[in-house]
Amino acid sequence: MAGKKVLIVYAHQEPRSLNGSLKDVAVAELSQQGCSVIVSDLYAMNFEPRATGKDITGTLSNPGFFNYGVEAHKAYKKQSLSSDIIEEQKKLQEANLVIFQFPLYWFSVPAVLKGWMDRVLCQGFAFDFPGSYDDGFLKGKLAILSLTTGGTASMFSKTGVNGDFRYFLWPLQISFGPEMASEEERKRMVASWAQRLKTLWEEEPIQCSPPWYFGQ
Ligand SMILES: Cc1cc2nc3c(=O)[nH]c(=O)nc-3n(C[C@H](O)[C@H](O)[C@H](O)COP(=O)(O)OP(=O)(O)OC[C@H]3O[C@@H](n4cnc5c(N)ncnc54)[C@H](O)[C@@H]3O)c2cc1C
């Protein structure tokens, strides 16, 4: 939708991968809609995934016993987090929609993307107590996971060897097993993602609640 700001957090090493294609069609489609699209290409940026004391540029509140969560929270308030974190927080703050584009690694996100979450979504910025879940500070933003898997769709069904994907992932668009699929099937995956993006702004966000999750 024209005027909307989109951040794509992209975690793949190879630009010609299926993930690369899915990222490219998202940039093309959303730009064509008049959105302003920014990509955080985490591998290309050499994004630091480790949450360490280097993320705090000022003095530590307790140098004798390092607690990352506590120090990051205080550093956020004092604006003394490292510049790469601040940069990503700014992008996220401005975005109406965040797309996470990644291959499934061990039923989860690749380490570089997990590190982005660990470091960027710090206390004070993304949440606080009170100020979490439905009252979190990123409330109102839309997010979608677009991921690829090694396994096929049937392997991720209720009776499949991996179990129902609902049990580990929520707002998602999955391109199942592109390496095992034919060229035509892969083209359909990219086209289906591009098609979904055309009407993405009309979708009802998923209610991330236990009844939605376990009731179906
Ligand atoms: C550490 C690790 C852990 C993993 N853990 C899991 C796991 O827990 N569960 C699981 O299911 N899988 C797992 N995998 C597998 C992984 O999820 C898949 O290898 C990955 O999702 C495949 O996506 P890709 O983009 O890397 O595919 P690619 O291999 O890059 O792409 C597949 C093919 O698509 C072609 N292609 C690119 N663009 C297009 C286009 N526009 N049209 C048609 N074809 C195109 C490419 O040329 C390539 O031949 C794991 C892999 C690793 C390395």
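**A guided reading**

Mentor: We may begin with the loops; Gln 79 is found in the loop between H2 and H3. Please keep in mind that this is a predicted model.

Trainee: What is the phi of Gln 79?

Mentor: As a general idea, most residues other than glycine have a negative phi, and most peptide bonds are trans. In this structure, phi of Gln 79 is near 55 degrees, a positive value in a residue other than glycine. Gln 79 has a relative accessibility of 70%, so it counts as exposed, the cut-off being over 50%.

Trainee: Where is Tyr 133 placed, and is Tyr 133 buried or exposed?

Mentor: Tyr 133 belongs to the loop between H4 and E4. Its phi, near 50 degrees, is positive, and Tyr 133 is a residue other than glycine. With a relative accessibility of 81%, Tyr 133 counts as exposed.

Trainee: Which peptide bond is cis?

Mentor: The bond from Phe 129 to Pro 130 is cis, its omega being near 0 degrees. Pro 130 lies in the loop between H4 and E4.

Trainee: Let us turn to aromatic rings. How is a pair of aromatic rings described?

Mentor: Such a pair is described by the distance of the centres and the angle of the planes. Here the count comes to 7 aromatic pairs. In one of them, the ring centres of Phe 156 and Phe 176 are 5.8 Å apart and the planes stand at 35 degrees, so the pair is tilted. This pair links distant parts of the chain, 20 residues apart: Phe 156 is in the loop between strand E4 (142–148) and strand E5 (172–175), and Phe 176 is in the loop between E5 and helix H5 (183–198). Both Phe 156 and Phe 176 are buried.

Trainee: Why is the pair of Phe 156 and Phe 176 called tilted?

Mentor: Planes under 30 degrees apart count as stacked and those over 60 as edge-to-face, the rest being tilted. The planes of Phe 156 and Phe 176 are at 35 degrees, so this pair is tilted. Phe 165 and Phe 176 also form a tilted pair, with 6.1 Å from centre to centre and 55 degrees between the planes. Phe 165 has a relative accessible area of 26% and is partly exposed.

Trainee: Which residues form one aromatic cluster?

Mentor: The cluster consists of Phe 107, Phe 156, Phe 165 and Phe 176. A charge may also be considered beside a ring: Lys 23 lies over the face of Tyr 10, at 4.9 Å from the ring centre.

Trainee: How many residues does the largest nonpolar core have?

Mentor: The largest nonpolar core has 31 residues, and those with the most contacts inside it are Val 9, Phe 100, Phe 102, Leu 113 and Trp 116. Among the elements that each supply at least two residues are strand E1 (5–10), strand E3 (97–103) and helix H4 (111–120). H4 gives the most to this core, with 4 residues.

Trainee: Finally, what volume has the second largest pocket, and which residues line it?

Mentor: The volume of the second largest pocket is about 200 Å³. Its lining includes His 12, Asn 19, Thr 148, Glu 179 and Arg 186. By type, the lining residues divide into 4 nonpolar, 6 polar and 2 charged.

Technical notes
Residues are numbered from 1 along each chain as its sequence is written. This is a predicted model: local features need pLDDT of at least 70, side-chain atom pairs count only at pLDDT 80 or more; totals for chains, interfaces and linings use all residues. Side-chain values use heavy atoms; hydrogens and water are left out. Rings of Phe, Tyr and Trp (its six-membered ring) pair if their centres lie within 6.5 Å; planes under 30 degrees apart count as stacked, over 60 as edge-to-face and the rest as tilted. Buried means under 20% relative accessible area, exposed over 50%, partly exposed in between (1.4 Å probe, protein chains only). A charge sits over a ring if NZ of Lys or CZ of Arg is within 6 Å of the ring centre and within 35 degrees of the ring normal. On a 1 Å grid over the protein atoms alone, a cavity is a set of points where a 1.4 Å probe fits but cannot get out, and a pocket is an open set with protein on both sides within 12 Å along at least five of seven lines; lining residues have an atom within 4 Å of a point. Grid points are joined across faces, edges and corners, and a volume is the space filled by probe spheres set on the points. Ala, Val, Leu, Ile, Met, Phe, Trp, Tyr, Cys and Pro count as nonpolar, Asp, Glu, Lys and Arg as charged, and the others, Gly among them, as polar. A nonpolar core is a set of buried Ala, Val, Leu, Ile, Met, Phe, Trp, Tyr and Cys residues joined through side-chain atoms within 4.5 Å.
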